[in-house]
Amino acid sequence: MYRIRATTVVRRASRAVPRIPFHAIITRPYFQQSRFYLHIALGRGAARISLPPGVIVGVLRRWIVSPAFYRNIGLISAAAGGIYLCNLEQVPMTGRWRFNIISSSIEQKLGVVGVEQVRQEYGEQFIPEDDPRVRTVKNVLAKLLPYAEGEFLKDMNWEVIVIECLDNNTFVYPGGKIFFNTGLLALCKDEDDVAVILGHEIAHIVARHSAERLSQGFLVSLILLSLSLFDTSLPSWKYLINRFLRMPASRMQEAEADYIGLMMMTQGCYKPQTAIDFWARMKEMQSQQPTQLLDTHPSHHDREENFREWLPEAMEKAQASECSGTS
Ligand SMILES: [Zn+2]
């Protein structure tokens with residue numbers, strides 16, 4: 001997802017397109033409450049699995065005081081470690097190892113649900129295909145896609161849809177549907193700027209970041225459930241997990257998407273220097289951005305610096321791609 005905060009707040013002429021949540025969250029994890037919900041949020045849709053808390057917690061507490069508790073904990077830990085190791089995989093184009101238990105087909109099915117929600121709510125704001133702005137972004141998408149790497153990408157149904165909306169935002173769903181607001185498009189000076197943004201969105205699909213977030217959500221759910229057995233303060237734990245696990249993980253994914261996008265745009269013969277210039281401009285425009293520790297995205301300053309650091313590698317790729325005119 002691309003999100004830009006600008007100093008100039010543009011007057012909204014139409015309904016804003018919100019960022020669509022695509023992650024697993026626990027909404028009511030307290031067994032003191034009447035029911036325990038594992039709540040999987042996808043856009044406005046939600047699937048709830050209701051579990052009777054008294055039964056579960058009662059069984060688990062009896063288990064804790066049983067003689068076999070420590071032996072069982074050892075076996076469970078060994079099994080959990082095995083499951084974790086068996087589900088480690090490398091991210092295409094960066095080689096980073098990560099835990100993922102969500103298959104590509106499940107991820108894409110979830111993406112279809114999200115795309116349908118966007119269509120229902122904002123379909124009237126979709127810009128027609130013959131609009132020059134749509135043709136521009138489609139042209140850039142076509143130039144970048146050949147450089148997206150990943151075996152599962154052959155199943156993608158790529159499409160970029162431009163939404164008449166002044167929010168500086170763009171987002172993508174598993175399956176390859178990218179939504180690009182006109183507000184953000186207006187900040188792009190040329191196709192190279194569009195390539196910076198589209199490369200980033202394609203990269204989220206290449207790296208399967210949605211599946212990774214869902215997998216992390218599963219792990220966090222297990223951790224919180226375990227903590228609930230010991231009467232620990234769950235709100236505090238949730239805060240700590242958000243601050244020191246989820247937000248850093250989100251920023252890492254955003255930076256990874258920036259990196260992959262930069263490499264793709266360079267191979268597609270767009271100027272890598274553009275990414276630095278683009279984020280320098282956004283930094284100038286930004287008003288008060290939250291400190292990075294409390295945010296899900298890297299600061300504009302950090303993005304600019306990251307691109308500056310990756311530029312030599314991108315230039316090497318440009319030379320290997322024999323892109324004439326890339327500087
Ligand atoms: Zn992003």
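User: Which residue in β9 does Y173 stand opposite?

Analyst: This is a predicted model, in which local features need pLDDT of at least 70 and side-chain atom pairs count only at pLDDT 80 or more, while totals for chains, interfaces and linings use all residues. Residues are numbered from 1 along each chain as its sequence is written. Strands (E, at least two residues) and helices (H or I, at least four) are DSSP runs numbered from the N terminus, and two strands pair if DSSP finds at least two bridges between them. Strand β8 (residues 169-173) pairs with strand β9 (residues 177-181) in the antiparallel sense over four bridges, and the residue in β9 opposite Y173 is K177.

User: Which residue in the turn between β8 and β9 has a positive phi?

Analyst: The two strands form a hairpin, with three residues between them. The turn residue with a positive phi, about 115°, is G175.

User: Which residues of β8 point the other way from N169, F171 and Y173?

Analyst: In a regular strand the side chains alternate between the two faces of the sheet. All the residues of β8 named here are buried, a term that requires 20 or more other C-beta atoms within 10 Å of a residue's own, placed from the backbone, whereas 12 or fewer make it exposed and counts in between partly exposed. Opposite in direction to N169, F171 and Y173 are T170 and V172.

User: Why is E305 classed as it is?

Analyst: E305 is found in helix α10 (residues 300-320). Because E305 has 14 C-beta neighbours inside 10 Å, it counts as partly exposed.
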